[in-house]
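Hi,

Here is the structure I promised to pass along. Please have a look at it first, and my notes follow just below.

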Amino acid sequence: MNGIQYKKGAELVTDHLLDQLKNGSYSPGDRLPSVEALSKQYQVGRSTIREALSALKAMGWIDIRHGGGTFVREQPQAPSDLLQGWLSEINSLKSLIEVRKMIEVGSAGLAAKRRTDGDLAALADCLQQMEAHLEDEAASQQADLMFHVHLAQASHNEILIPMLQLFHQQCARHMGNTRRMWLFGERSSTLQLLQEHRLIYEAILHQNEALASRRMLEHLTKIELLLEKND
């Protein structure tokens with residue numbers, strides 16, 4: 001057992017069994033060895049095995065059928081997959097923007113606190129791209145999206161980064177071509193968006209957390225109102 005037999009404790013047994021479940025040693029529907037067999041295999045007491053199996057059941061990896069054995073369940077989806085699947089069923093752009101606003105305002109504050117020189121360079125490049133493509137709707141929209149993606153990355157929070165990327169994707173999907181053309185297609189609108197992004201960048205540059213959050217809130221609130229006006 002590659003040394004596992006010398007280790008004791010339900011936590012270690014749980015970890016080892018979990019690794020086997022994740023790497024495909026057991027497939028959904030497979031029956032695990034009996035408590036007695038696992039006890040001999042890991043050289044621990046039956047109570048330790050039962051504790052480990054209870055932990056795996058709580059994680060959603062196995063079903064314990066009293067008198068019928070222990071069976072592997074379908075592997076749980078990654079949290080990001082679950083979120084993406086849930087978001088794909090949301091048909092309200094307003095709801096998406098409301099939640100995105102609550103999350104991204106905090107993300108802007110974290111970015112101001114934690115940003116690196118590399119983060120600043122990436123954000124500045126997005127601003128340059130936005131300015132260079134004021135007449136190009138698709139390029140302007142892409143630069144806007146990447147600004148928000150890099151801002152999330154500047155928060156250096158491993159949960160916020162994929163979460164906000166998914167929200168951005170879903171917002172773009174629900175926005176529709178007509179509203180995108182209106183929002184990014186007029187020079188006055190793209191100039192306004194560029195200026196709002198510059199103000200957010202300046203707050204992050206100077207590591208003013210409160211100001212970065214406030215300017216992000218103002219920016220997203222304006223977007224929300226503009227989209228509602230042209231719905």
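In this predicted model, strands β1 and β2 pair in the antiparallel sense, with four bridges between them. The two strands form a hairpin, and three residues sit between them. One of the turn residues is G67, which has a positive phi of about 80 degrees. Across the pairing, D63 stands opposite F71 in β2.

Next, the helices. The axes of α2 (residues 35-42) and α3 (residues 46-58) come within 9 Å and cross at roughly 105 degrees. An angle of 65 to 115 degrees counts as roughly perpendicular, so α2 is roughly perpendicular to α3. On the α2 side, V35, E36, L38, S39 and Y42 make the contact, while α3 brings R46, I49, R50 and L53. By class, these contact residues are five nonpolar, one polar and three charged.

Which residues lie nearest the centre of the largest pocket? They are V35, L53, I64, G69 and T70, out of 14 residues that line it. The volume of this largest pocket is about 220 Å³. The elements giving two or more residues to its lining are α3, β1 (62-65) and β2 (69-72), and the largest share, three residues, comes from α3. The lining of the largest pocket has five nonpolar, six polar and three charged residues.

Best wishes

Notes: Residues numbered from 1 in each chain as written. Predicted model: local features only at pLDDT ≥ 70, side-chain atom pairs only at ≥ 80, totals over all residues. Heavy atoms only, no water. Axes fitted to C-alpha atoms, helices over the stretch in contact; angles between N-to-C directions. Parallel < 35°, antiparallel > 145°, perpendicular 65-115°, else oblique. Contact = heavy atoms within 4.5 Å. Nonpolar A, V, L, I, M, F, W, Y, C, P; charged D, E, K, R; others polar. 1 Å grid on protein atoms, 1.4 Å probe; cavity = no way out; pocket = protein on both sides within 12 Å on 5 of 7 lines; lining within 4 Å. Points joined across faces, edges and corners; volume = space filled by probe spheres on them. Pairing = 2+ DSSP bridges.
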